[in-house]
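Hi,

Here is the structure I promised to pass on to you. Have a look at it first, and then read on for what turned up.

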Amino acid sequence: MRITCPYCGARSSHEFAYLGDAAPSRPDPAGPEAPETFHVYVYERDNIAGVMDELWYHAAGCRRWLTVTRDTRTHAITAVRFSRTEAAE
Amino acid sequence: MTRLSAGGLIDRSRTLAFTFDGKSYAGHPGDTLASALLANGVRLVGRSFKYHRPRGIVTAGSEEPNALVELRTGARREPNTRATTVELFDALEATSQNRWPSLDFDVLSLNRLAAPVLGAGFYYKTFMWPAAFWEKVYEPLIRRAAGLGRAADAPDPDAYEKATLFCDVLVIGSGAAGLTAALAAGRTGARVVLCEEDFRLGGRLLSEKAEIDGGSAADFVTHALAELASLPNARLMPRTTVFGAYDGGEFGAVEKVSDHLAEPAPFQPRQRLWRIVAKRSVLAAGAFDRPIVFPGNDRPGVMSALALATYATRYGVAAGARAAAFTTNDHAVTAVLDAAAAGLHLAAIVDVRPAIAPALVTRAQALGVEVIPEGEIVATAGKCLSAVTVRTPMGTRALSVEALGVSGGATPNLNLTCHLGGRPVWREEIAAFVPGTLPPGMAAAGAAAGHLTLGECVADGTALGTEAAQAAGFSASLAPAPKTSDAPDGRTAFWHVKAPGPAFVDQQNDVTAKDVALAHREGFRAVELLKRYTTLGMATDQGKTSNMAGLAIMAELTGKGIAETGTTVFRPPYTPVALGVLAGHHRGVDFKPTRPTPTHAWAEEQGAVFVETGLWLRAAWFPRAGEDWQAAVNREVKATREGVGVIDVSTFGKIDLQGPDAGLFLDRVYINTFSTLPVGKARYGVMLREDGLVMDDGTTARLADGHYVMTTTTANAAKVFQHLEFCLQVLWPELDVCLASVSEQWAQIAVSGPRAREVLSKLVDGTDVSNAGLPFMGAVETTVMGGVEARIFRLSFSGELGYEIAVPARKGEALMRAIMEAGALYGITPYGTEALGVMRIEKGHVSGSELSGQTSARDLGLGRMASTKKDYIGRVMAGRPAFLDPDRPTFVGFRPVDRTQRLRAGAHFLAPGAEATTENDEGYMTSVAFSPTLGHSIGLGLLKRGPERIGEKVRAYDPVRGGDVEVEVCSPHFVDPEGEKQRV
Amino acid sequence: MSDLFHAHSPARLLPEGDYGLEGAAGVRAQAVTGLAAATLVARRGQTAALRAACAAAGLPLADAPRASSGAGLEAVGTGPGRWLIFAEGLSGRELRARLEGLSAGLAAVTDQSDANLVLDISGARAREALMKGVTVDLDPAAFQTSDAATTIVSHVGVTFWQRDAAPTFRFVVGNSFAPAFLRWLGASAAEFGFALSGTGRG
């Protein structure tokens with residue numbers, strides 16, 4: 001599989017480390033339901049057959065965390081962007 | 001000899017000597033081992049896998065199911081090599097396999113007598129009971145009988161390598177479709193790679209007698225190759241098999257660089273693994289000649305009709321003194337007539353059709369070949385073929401022949417189109433499966449797509465080569481395809497002769513038509529079940545030639561038709577790939593990188609014994625004459641505790657953090673607080689994963705207001721860096737912190753022991769290193785050795801007065817030598833990772849064995865470090881009830897009640913008298929050492945309610961190594977529990 | 001080609017000398033010494049400002065995997081807002097001071113002068129040898145002078161860029177990985193003849 005890093009260009013997936021679904025966001029640790037929301041955040045994931053946003057880390061390249069839109073059925077990648085928005089650069 | 005007197009693409013002016021089963025033969029350059037064996041009249045080349053039936057050469061290509069031989073001898077011996085793809089070289093040595101004591105007389109061929117009970121599902125049904133028999137009786141028995149060749153038992157002396165190639169258009173196969181595709185794409189300027197598994201480019205054109213553009217097919221090949229060779233943007237790769245299609249236009253290919261030589265030329269690899277990244281690809285892999293299933297169809301001498309023709313036309317070999325053909329299609333009839341024209345004595349063509357094209361009949365008559373329409377072969381005779389029985393509506397008759405060329409039509413070679421999940425679709429007009437959904441960017445051309453005539457092939461190649469280049473961004477218009485002289489192809493679908501006797505579907509796995517019928521009777525009717533139950537298509541050839549007949553027979557039995565029956569699909573690799581080429585350069589000491597420390601050369605001089613820790617090579621101990629490792633380690637520990645010792649600790653991960661939010665950031669990733677750490681101070685920190693378990697520990701120092709430097713454990717350096725980047729980029733992008741790895745920039749050397757300060761004071765350029773000037777946990781940026789930049793941290797892993805001195809890596813060795821010189825007066829002693837480990841266990845510091853990914857900070861006795869005034873990664877989940885359970889095994893120390901006894905890591909704790917059951921398990925020993933300071937074995941471990949049980953006695957039970965030691969629970973801080981020595 | 005270097009420790013740099021095919025070397029590698037190096041990382045939201053400041057001082061910075069030079073410095077993009085800067089004839093401390101002056105608080109500067117082996121790889125067959133580990137397209141149509149890449153070669157992280165059309169590629173390899181990198185390069189270049197210099201006599 002090849003991932004087109006927005007900075008480095010198309011590279012073999014071997015250069016990247018996979019984390020998983022990009023959708024979950026870290027809950028409010030001070031929230032009243034923190035134990036429950038963190039449990040969901042840490043452990044619960046949908047097993048999506050289809051298009052999803054995933055987090056990949058370009059470990060062997062620019063060391064950016066990337067949000068990759070990939071179809072888990074075909075491995076077709078339709079979008080890759082920096083997880084950290086440009087405004088923060 | 002059965003070499004024809006003329007013709008073929010072989011160099012008759014040169015002779016190559018080779019041996020098969022120790023007997024000497026001769027062949028010519030241009031031969032394969034198979035063609036040379038046939039030229040020498042060798043027809044029996046192997047024994048089948050299960051029944052050990054005599055088998056001969058069936059094909060002239062990589063689809064060969066039968067002719068598997070061992071090639072070469074000694075360390076280069078290679079089993080299961082297809083003789084049909086082995087390019088003959090001088091002094092080649094080949095051996096038949098799967099027979100004992102000899103190919104001609106094979107004891108296990110008695111299996112044939114047992115064939116009625118060795119049918120499909122035999123193993124499943126037989127080796128079931130009693131269970132105890134499996135390991136001792138059945139498995140050794142099966143293992144002895146199974147397997148084909150023998151792997152070499154010495155290390156492979158040859159080299160292998162890997163390489164990556166990028167192109168616009170990859171063309172797979174160099175026959176009519178492949179050559180025209182490569183030409184069309186190459187002419188646009190696109191980067192074209194043409195891969196051909198054969199050593200000679202041209203594919204079927206090498207035995208084709210029809211004309212292209214008014215000239216011979218051979219001339220067309222010559223001109224096409226010359227043009228491609230002249231294009232700087234085209235790369236021709238003979239001897240290169242594309243074995244797999246992968247996501248994103250990546251392909252795997254093996255180039256047999258030196259397989260055609262006795263041994264590789266100097267500095268050349270034996271094989272090279274190519275990863276080819278292609279924007280577009282054209283699959284022009286041709287088609288396989290399909291066998292017909294009939295009684296006795298596995299007798300040596302029975303082969304594919306196109307192979308029979310190829311041996312005659314391409315190699316100038318008659319596969320038998322007298323031959324016949326058994327056909328269903330005009331393509332095969334034409335080919336065997338071409339062979340007859342080349343000099344093969346072809347007695348008859350037996351065709352299942354009521355009539356064949358008059359032009360072909362006329363040509364047969366002119367060549368003296370009898371045409372027998374509506375005929376079927378119902379039996380064969382001879383150990384190697386001597387006669388066949390033909391059945392026609394008029395009755396049966398015998399034909400005395402040594403070779404029989406069989407063709408049941410064409411099976412498109414669509415293997416690669418399935419690798420990404422594509423399923424072939426049935427095309428009734430040609431009675432064959434053709435590619436269904438193709439991998440993105442791939443087009444199938446010519447026979448691989450079911451376009452079987454030469455005219456279709458060149459038209460396809462021209463069109464698809466042009467389209468591929470266009471899709472890759474090159475402008476081109478479609479040029480007219482070359483004109484061909486071939487006639488339209490007639491055929492009928494025919495699979496299976498109904499007559500008594502064993503008729504083989506899969507020759508490599510000995511699957512018969514009866515086995516398919518048995519699978520049907522027993523309900524294994526889906527193609528996937530048929531395959532697993534009978535092992536049809538599961539041999540090393542993946543059923544390239546056999547699958548079709550198997551599922552056609554099943555379709556007949558179920559009455560469902562082939563389209564509905566469907567087909568199994570193919571997975572990579574297309575043909576077997578040697579593990580050596582997948583490893584490439586990475587074997588032996590090059591299996592993985594070896595990372596030396598900055599003081600490696602110095603440590604070598606000191607006679608250090610090294611240990612691999614991850615990729616690092618570190619000094620484990622420094623033995624003196626007459627010392628074993630224990631003596632050396634004891635000495636190193638004592639010398640450090642009583643005087644001063646030195647160790648290279650450069651392998652720790654080191655991360656530079658800069659920016660106004662660095663302190664806040666550290667507060668969020670460590671359980672304790674760093675924003676309040678004064679400049680010039682270091683602090684031990686513990687980092688959790690978000691699930692509340694400990695990820696890593698280390699010290700972090702504040703060098704300036706917005707500048708910290710973190711150390712990580714050696715093992716977790718990369719993991720921690722990735723985690724910090726995740727936190728900064730994904731969790732808290734608003735934080736202004738810049739990270740840089742400085743692991744390679746700084747060499748770091750620890751000097752420990754009561755005399756450490758005296759040693760250090762001789763190295764610094766006037767820096768005050770007194771207890772007041774540089775107190776415990778102090779950090780200072782300064783210079784040493786007369787102007788060398790340095791960072792000095794007053795830290796201690798050993799528990800002694802200690803300093804870690806960091807200097808730029810290239811100064812690391814000089815620093816070590818300076819330390820040794822400065823410390824000579826105090827008997828400074830280098831110590832290795834073993835002594836380091838002993839001292840940290842004596843001090844009760846946690847390390848890799850405790851940071852196991854299953855322990856919380858509380859488990860490790862570090863819970864009190866956790867700040868309650870802030871959030872940090874892992875805080876919420878660390879507060880889970882299960883993690884707060886007082887019964888959770890918790891960190892404590894252990895010493896044997898009988899001090900002479902040795903403790904072992906991994907031992908489990910049991911209450912005295914408790915039975916050794918999982919329910920009674922109270923934890924386990926994580927680390928042990930012999931403490932030279934205390935004079936006995938000590939241990940660290942995790943014990944249920946450990947800290948409440950100091951003074952209690954428990955059993956350390958180690959059933960794996962037979963250990964059962966009574967131990968006393970104690971504080972993990974065996975030496976200087978108050979930590980006074982490190983603060984002096 | 002494990003056998004080729006059986007006499008050399010995998011923990012030491014391959015000593016200078018000629019390896020593989022005899023005759024004119026198709027691949028040359030020269031260890032470059034006397035370079036100061038530093039990472040320059042733009043602070044949050046300051047990439048554009050940092051580039052402007054550096055450009056004004058004569059050092060253009062590409063926010064892309066490309067090399068550029070000016071003001072006596074050579075800069076290579078290794079990630080968004082992140083560069084490796086090299087200088088000849090300066091100490092690490094001097095380079096750091098210059099960059100801190102140039103970037104005026106817009107960037108974090110970290111000395112890396114001792115972190116890496118810097119190796120110039122050139123020769124008529126350099127691309128063919130590099131193909132055996134570099135998984136980036138080095139064809140002249142795809143990778144030209146000034147183009148740079150940070151990638152992994154034979155399990156070793158590297159940053160490299162093309163310095164001229166000869167071609168000469170400059171590779172930056174972490175010190176502790178340099179012995180493994182040289183063993184891979186030597187094995188890959190042996191068939192073309194490999195001349196290595198600047199790594200000492202071993």
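**Where the chains meet, and what lies inside them**

Chain C has 14 residues in contact with 14 residues of chain A, where contact means that the C-beta atoms, placed from the backbone, lie within 7 Å. Please keep in mind that this is a predicted model, in which local features need pLDDT of at least 70 and side-chain atom pairs count only at pLDDT 80 or more, while totals for chains, interfaces and linings use all residues. Residues are numbered from 1 along each chain as its sequence is written, and chains are lettered from A and ligands numbered from 1 in the order in which they are written.

On the side of chain C that touches chain A, two or more residues each come from β5 (73-79) and β9 (148-153) of chain C. The largest share, four residues, belongs to β9(C). Helices (H or I, at least four residues) and strands (E, at least two) are DSSP runs, numbered from the N terminus. By type, this side of chain C has four nonpolar, nine polar and one charged residue. Here Ala, Val, Leu, Ile, Met, Phe, Trp, Tyr, Cys and Pro count as nonpolar, Asp, Glu, Lys and Arg as charged, and the others, Gly among them, as polar.

Turning to chain B, 41 residues of chain C are in contact with 35 residues of chain B. On the chain C side, β3 (35-42), α2 (92-103), β7 (107-111) and α4 (178-189) each supply at least two residues, and α4(C) gives the largest share with six. The residues of chain C on this side divide into 16 nonpolar, 15 polar and 10 charged.

Within chain B, helix α4 (residues 176-186) packs on helix α9 (residues 454-471) at an angle of about 30°, with the axes 7 Å apart. That makes α4(B) roughly parallel to α9(B), a term for angles under 35 degrees. The residues that meet include B:Leu179 and B:Leu183 in α4(B), and B:Leu454, B:Val458 and B:Leu464 in α9(B). This contact between α4(B) and α9(B) involves 14 nonpolar residues, six polar and one charged.

Finally, chain A has one helix and six strands, in the order β-β-β-α-β-β-β from the N terminus on. Its C-alpha trace spans about 45 × 35 × 20 Å along the principal axes. Of the 89 residues in chain A, 30% are buried, that is, with 20 or more other C-beta atoms within 10 Å of their own C-beta atom, placed from the backbone.

Best wishes

Conventions
Axes are lines fitted to C-alpha atoms, for helices over the stretch in contact, and angles run from 0 to 180 degrees between N-to-C directions. Angles under 35 degrees count as roughly parallel, over 145 as roughly antiparallel, 65 to 115 as roughly perpendicular and the rest as oblique. Two residues are in contact if their C-beta atoms, placed from the backbone, lie within 7 Å. A residue is buried if 20 or more other C-beta atoms lie within 10 Å of its own, exposed if 12 or fewer, and partly exposed in between; C-beta atoms are placed from the backbone.
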